[in-house]
Amino acid sequence: MRNSILPGVLVCLLTSPLAACSGASATGPRKLPEAMDDRCTAASRALAAAIADGSQQPFLLTQTGAPGQPPLTEAQVAERLLTAKPGAETWVIARGGSGKSRLAWGLEALTCGRRMTFRVDVGLDLRAKLEMATASQPALARVLLAQLGSRPGEDPAGQLRDELGDAPWLLLLDGTDELTQSERRKLAAELEWLQKAEFSQHIVRFERPGMVDVKVEKAPELELTLPDMTCAEADAELARRFVDPAALKTARTWLTAHKLDRKRGGETCRYVHMSTHRDAETLADLAQDGLADGAEDTMPMDPVRSNIYAVWLAHRLRGVASTTEGALSWLDRITAQGAVDKREPDLRLSVNRCEGVAAPGGGESGGACRRLMQSPVVRKGEVSGVATLANRTLMDLLLARWLVKGQSDCALLTSATGEMASLEVAAMVASLPDGRRCLNPIVAAICSRGIPADAIIGFVDEAVPTGTRDAAFFALAGEHAHGACERGVFAGLSK
């Protein structure tokens with residue numbers, strides 16, 4: 001079965017699993033280059049299999065600027081992209097760990113047989129090439145030509161034009177949140193090159209809240225949001241993890257004892273600390289850790305976001321460091337080795353950087369670094385001997401610690417945090433004790449970017465312990481608030 005049939009089947013499966021699905025239309029898609037054809041066939045078959053076995057859960061996305069409209073299914077989004085305007089952009093906004101990469105993969109499978117579709121994992125496929133890019137040899141051109149099965153020559157723009165012709169095509173950019181701000185600027189230059197070359201691409205950017213801003217960037221043709229998990233979805237994740245009812249009940253008791261099943265306000269039930277699939281998986285890991293025989297329960301009784309991921313990380317490094325702070329301080333030292341002009345670390349964990357700092361407890365650095373590189377804390381990078389942290393939320397934690405340690409003045413910390421743009425980074429900074437003292441200016445800076453209070457409250461809720469929210473806290477917050485947005489954030493937090 002070739003890819004010209006599979007996308008039609010997939011759309012039918014995603015929209016009406018019980019219906020009788022027919023093949024693609026008689027007109028069929030334009031013939032793909034062999035490398036793209038093979039890639040499309042593999043993606044389509046893999047998605048069909050994932051839908052059939054239930055491992056690919058359905059996505060529902062809300063459309064910005066369309067209040068009251070029903071959410072769009074994954075298949076409906078794919079159909080919108082197939083008719084999207086060349087030269088324009090679509091933004092998909094979702095928190096780290098919510099399934100952006102799975103969604104990007106699914107959209108590739110649903111569109112690639114009907115419109116040329118490139119899916120680029122920026123962190124893995126593009127990041128290293130950005131360092132070597134030049135005006136005549138753009139990194140993005142090299143990646144796109146590689147997917148087409150062509151070697152880049154002296155004129156990559158001309159090569160791409162010959163390969164693509166005038167037909168519209170899609171570029172799905174995933175993993176941009178793993179770039180540093182200097183790398184994001186290089187990526188912006190690459191995209192500017194693509195626009196000026198006047199290809200017929202439509203770019204789909206998968207971004208985290210706060211990473212793109214219409215005040216400083218071209219507004220998208222379509223902006224979609226992948227909502228946070230509902231309580232029912234999070235409960236289902238826990239039930240899949242703890243199949244035995246007694247084990248599930250015990251895990252829930254542990255979560256309740258640590259206030260980790262606290263709910264937000266609002267019409268739809270959502271947990272404060274289980275906004276994404278990654279959050280639910282992390283809390284399931286921690287519940288299992290906390291219930292293990294002889295395990296020391298190191299989770300605070302009134303935790304915030306930084307506590308959750310710090311304890312998870314430390315538990316995975318128990319063979320290296322005996323305490324949470326020991327593990328984090330060691331990673332802090334490695335992180336500092338990757339700072340660029342003392343402004344931003346690149347968060348790569350190379351063997352050389354690791355062996356260049358003292359191991360926890362005065363141990364042998366070589367052995368500690370080998371255990372780090374073999375642990376679930378990291379995943380392999382594009383370059384041999386270089387790894388990255390296993391997910392973006394762990395990167396947020398180390399980046400927040402680096403920011404707070406480097407800036408004792410609230411104005412400087414707020415400015416440095418604002419440069420990172422992400423609301424998740426800001427929440428992680430505010431969840432650290434030395435960052436929380438700057439909560440008011442951090443909230444004010446986010447509000448100044450035009451982000452509404454309702455979109456900020458949940459992030460602040462994750463960062464502030466419930467035990468500190470007394471009358472004095474809210475009185476001080478209100479006293480320092482200078483606008484309706486700031487006052488709205490703290491009013492929402494008080495509820």
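Me: Cys 40 and Cys 112 first: what angle lies about the S-S bond, and is the link right-handed or left-handed?
Reply: The angle about the S-S bond is 80°, and the link of Cys 40 and Cys 112 is right-handed. The pair connects distant parts of the chain, with Cys 40 in helix α2 (residues 34-53) and Cys 112 in the loop between α4 (100-111) and β4 (116-121), 72 residues apart. Helices (H or I, at least four residues) and strands (E, at least two) are DSSP runs, numbered from the N terminus.

Me: What kind of model is this, and how are residues numbered?
Reply: This is a predicted model, in which local features need pLDDT of at least 70 and side-chain atom pairs count only at pLDDT 80 or more, while totals for chains, interfaces and linings use all residues. Residues are numbered from 1 along each chain as its sequence is written, and side-chain values use heavy atoms, leaving out hydrogens and water.

Me: Back to Cys 40 and Cys 112: how far apart are the sulfur atoms, and are the residues buried or exposed?
Reply: Their sulfur atoms lie 2.0 Å apart. Both Cys 40 and Cys 112 are buried (under 20% relative accessible area; exposed is over 50%, partly exposed in between; 1.4 Å probe, protein chains only).

Me: How many disulfides does the whole structure have?
Reply: The search finds five disulfides (pairs of cysteine sulfur atoms within 2.5 Å). One of them joins Cys 231 to Cys 269, with 2.0 Å from S to S. Another joins Cys 410 to Cys 438, also with 2.0 Å from S to S.

Me: Why is the disulfide of Cys 231 and Cys 269 left-handed?
Reply: It is left-handed because the torsion about the S-S bond of Cys 231 and Cys 269 is about -75°. This pair also links distant parts of the chain: Cys 231 belongs to helix α9 (residues 231-241), and Cys 269 to the loop between α10 (245-257) and α11 (277-291), 38 residues apart.

Me: And the accessibility of Cys 231 and Cys 269: what are the values?
Reply: Cys 231 is buried, at a relative accessible area of 5%. Cys 269 has 34% relative accessibility and therefore counts as partly exposed.

Me: What about the link of Cys 410 and Cys 438: right-handed or left-handed?
Reply: With -85° about the S-S bond, the link of Cys 410 and Cys 438 is left-handed. Cys 410 sits in helix α17 (residues 410-420) and Cys 438 in the loop between α19 (433-436) and α20 (439-447), distant parts of the chain 28 residues apart. Cys 438 has 0% relative accessibility, so it counts as buried.

Me: Changing topic, where is the pLDDT below 50?
Reply: The mean pLDDT (the predictor's confidence in each residue, from 0 to 100) of the protein chain is 87, and 91% of its residues reach 70 or more. Over residues 1-9 the pLDDT is below 50, and it is below 50 over residues 15-29 as well. Where pLDDT is low, the predicted coordinates should not be read in detail.

Me: Now cavities. Which residues lie nearest the centre of the largest one?
Reply: The largest cavity is lined by 17 residues, and Leu 179, Thr 180, Arg 392, Leu 399 and Met 420 lie nearest its centre. A cavity is a set of points, on a 1 Å grid over the protein atoms alone, where a 1.4 Å probe fits but cannot get out; lining residues have an atom within 4 Å of a point.

Me: Which element gives the most to that lining?
Reply: Helix α16 gives the most to the lining of the largest cavity, with three residues. Both β9 (344-345) and α16 (392-406) supply at least two residues each.

Me: Which elements supply at least two residues to the lining of the second largest cavity?
Reply: These are α18 (423-430), α20 and α21. The lining includes Leu 423, Ala 426, Leu 439, Ile 442, Phe 459 and Val 460.

Methods. Contact means heavy atoms within 4.5 Å. On a 1 Å grid over the protein atoms alone, a cavity is a set of points where a 1.4 Å probe fits but cannot get out, and a pocket is an open set with protein on both sides within 12 Å along at least five of seven lines; lining residues have an atom within 4 Å of a point.
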